[in-house]
Amino acid sequence: MSTFIQTLIVGLRLGSIYALVALGYTMVYGIIRLINFAHGDFIMVGGYTMIFTIPLALAMGLPAWTSVVFAILCCALVGMTTELVAYRPIRKKGTSMTALITAIAVSMLLENLAQAIPAIGPNPVVASQIFSTGGFSIAGVTMEWTTVSTIVISAVVMVVLYQFTQKTKLGRAMRCVSEDKEASILMGINVNRTIVLTFAIGSGLSAVAALMYMAQYPKVYTTMGMMLGLKAFVAAVLGGIGIIPGAMLGGLIIGLVESFTTSYVSSSMADTFVFLILIIVLIIKPAGILGKNVGEKV
Amino acid sequence: MKKRTGKGYIINTAVIAVIIVAFAFIKSAFGGNEQFRLIIVPSLWQCCYLIILAASLNLILGFLGQLSLGHCGFMAIGAYAAALISLAFQRAGVFTEKAGPAFVLVLIGCILAAGILAALVGLLVGIPALRLKGDYLAIITLGFGMIIVNIINNIPFAGQEGLSLGSASASLYKNGLGFGTASKVTYLWVALIVTLICLTMMFMFIRSKYGRAIKAIRDDEIAASASGINTSYYKIFTFTFSAFFAGIAGALYACANATLSTSSFAFTNGGILNSTFIVVMVVLGGMGSLTGSVVSAIVMFFVNYQIKNGLWVKSLPGFLGGIFAYPMLVYAIILIAVIMFRPRGIFGTYEFSLLNFVRDIKEHRAKKALQKAGNKEAKSND
């Protein structure tokens, strides 16, 4: 029983990280219908930024996790640059397939650029302790503080983001652009600015995800975002891409599936099950669990 | 038109025959040459499977207009199938050394079996996957590719503990398809002829009713289905057909490499062989041009080889050299540039044809001349 609960907790924690990354995917996909393959690599950018800024934060007498602020800024900057330099020109004249290929190319570019930069280098870097260790135990089940904070932070981020898209002006503009670009121009929405800001927010979230990920696995390497990003994308599709609560739901499901497969079936089969779920969902309900099926316009 | 097609077949066959004779001559003349045996022949093997791989993905990406990100999965099936079947035959005592007619038969049988098995899996994957399109198809094929590789990894007699490590790998090299230098030279003709046959089949496919149908689907699916084209049938057929060739490429890969490891067939990795890189090759060459895929596979192989082994790369200073140490970085930049300025790839939809080559050049010259004349006229009017 205690194994079961422990697995559940690990799953929830993993799922929260996936959910944070999935939120970024969902926001970008919702607004420009593009799978931003480079999103996983933004996590890597965030991770390395924190590696470089943790000493700075410590020198200023702040706790180590405050370096996430720099990471958020850096990730948002990279995200906006990607949108401005690569995605926007191609969106203007290319098809959705060329846009997708560009996204793959940007992902390749970021990963390999990081490897080529001497300060970052191809070898993994071990991060220092970000959160203080320790925790509490209830009925034989230990809960670490990092686990609690991961789950809480991602839940809070999701709620705030949801409220943001529902209540604020910019959030409404985002939903408007995702529904109908031409109409939003007519309503006086600056579409390009909205898209750039969406990229900034989505990429900023990946820095938070990087923080949570590093609290769990304190190792940073250039391809760290690859599998994490792909699985988070699966989570976004599972919950219904473009829908914020869907990303959370999908993330938690993927996290639970992964942790339960790892502890009850086999750790090497975990990825297979994750992708199997994706395939089943895509076949049965391509719009995702919370999504609505929309007919094709002729 | 009919007559012209016949003429085309005759010309192509004649040219191929001449090339084969010339090649046989080159081989007999340089067979003992160290450089030929150690560098050129292995490179040719690698080019062969890369060409088949790129061309087969182009059927889906360029002609059907759907993005498949799991192409290496089919290749992995082909590679492992060929390797395991060859080992089984060896253990059954059909052949004892890598020579003789029995081995050649097994070799050809393995290549065919690899293709057929990959095609079967392609069919199984294609039926559910091709109900989706666009981004979703890309993701579902990516998922299938991952699952295939993951399952192979977990098969006890094939995966991580099987062919890639330990004794089984050594036995693949010693007894199965894994060719050493000498066998690579001896059986080079198999690789070249298999590549030639595959390319011919793909060219004929594109020119057939099927090719026209899938191009129609690419251009407008709804219009195509309104014109009576059974879109699901053609899509699944193309997918299966493409998987067949990916399987054959996998078999050639198993021959050219002494060891197999599933990490070579991943979605992306540092090397030249992964699903992403095949997409890069196809897009650079031209989505909708088999010629482009062939040229791009050869050029990319050459560039990669130069980056890996060329002396000029090592002499580059500091950061520049660092960039070239990660060739995917260079390809990524080239890819983004090509998509921005030539969205359909370098060759676009141009197909090289011996029959039409002279005519194409003449037309091109005429066009240029016309343009020049036009420019002059415009200038004189000023």
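Tutor: Let's start with helix H14 of chain B. H2, helix H9 (188-207) and helix H13 (275-285) of chain B are among the elements that cover the buried residues of H14(B). Keep in mind that this is a predicted model.

Student: Which residues of H14(B) are buried?
Tutor: They are Leu290(B), Gly292(B), Ser293(B), Val294(B), Val295(B), Ser296(B), Ala297(B) and Met300(B).

Student: How far does H14(B) reach from its first C-alpha to its last?
Tutor: It reaches 28 Å. The helix runs over residues 290-309, which is 20 residues. At 1.5 Å a residue, 28 Å is expected, so the reach is close to that.

Student: What share of its contacts links residues 24 or more positions apart?
Tutor: Take the contacts in chain B with a separation of 6 or more. Residues 24 or more positions apart account for 80% of those.

Student: How many residues are in the largest nonpolar core?
Tutor: That core has 212 residues. Ala82(B), Ile248(B) and Leu252(B) have the most contacts inside it. Helix H2 (residues 34-64) of chain B gives the most to this core, with 18 residues.

Student: Pick Ile248(B). What does it touch?
Tutor: Leave out residues up to four places away in sequence. Then Ile248(B) touches Ile52(B), Gly78(B), Ile111(B), Ala114(B), Gly115(B), Val194(B) and Cys198(B).

Student: What about Ala102(B), where does it lie?
Tutor: Ala102(B) is in helix H4 of chain B, residues 100-129. Setting aside residues up to four places away in sequence, it touches Val94(B) and Phe95(B).

Student: Why does Ala102(B) count as partly exposed?
Tutor: Because it has 14 other C-beta atoms within 10 Å. Buried needs 20 or more, and exposed means 12 or fewer.

Student: How is chain B divided into domains?
Tutor: Domain 1 covers 1-30 and domain 2 covers 31-377. Their contact takes nine residues from domain 1 of chain B and six residues from domain 2 of chain B. On the domain 1 side, four are nonpolar, three polar and two charged.

Student: What span should H3(A) have, and what does it have?
Tutor: Its 26 residues, 68-93, should span 38 Å at 1.5 Å a residue. The end C-alpha atoms are 36 Å apart, which agrees.

Student: What about Gly202(A), buried or exposed?
Tutor: Gly202(A) is buried, because 27 other C-beta atoms lie within 10 Å.

Student: Which residues is Gly202(A) in contact with?
Tutor: Leaving aside neighbours within four places in sequence, they are Gly24(A), Met27(A), Val28(A) and Gly79(A). Gly202(A) and Ala76(A) are 126 residues apart in sequence and 7.7 Å apart in space, C-alpha to C-alpha.

Student: And how far apart are Leu58(A) and Ile279(A)?
Tutor: They are 221 residues apart in sequence and 45 Å apart in space, C-alpha to C-alpha. Leu58(A) lies in helix H2 of chain A.

Student: Last one. What is the phi of Arg33(A)?
Tutor: Its phi is positive, about 55°, although Arg33(A) is not a glycine. Most residues other than glycine have a negative phi. Arg33(A) is in the loop between helix H1 (2-32) and helix H2 (39-59) of chain A. With 16 C-beta neighbours inside 10 Å, Arg33(A) counts as partly exposed.

Technical notes. Residues are numbered from 1 along each chain as its sequence is written. Chains are lettered from A and ligands numbered from 1 in the order in which they are written. This is a predicted model: local features need pLDDT of at least 70, side-chain atom pairs count only at pLDDT 80 or more; totals for chains, interfaces and linings use all residues. A nonpolar core is a set of buried Ala, Val, Leu, Ile, Met, Phe, Trp, Tyr and Cys residues joined through C-beta atoms within 7 Å. Helices (H or I, at least four residues) and strands (E, at least two) are DSSP runs, numbered from the N terminus. Two residues are in contact if their C-beta atoms, placed from the backbone, lie within 7 Å. Domain bounds come from an automatic or database domain assignment. Ala, Val, Leu, Ile, Met, Phe, Trp, Tyr, Cys and Pro count as nonpolar, Asp, Glu, Lys and Arg as charged, and the others, Gly among them, as polar.
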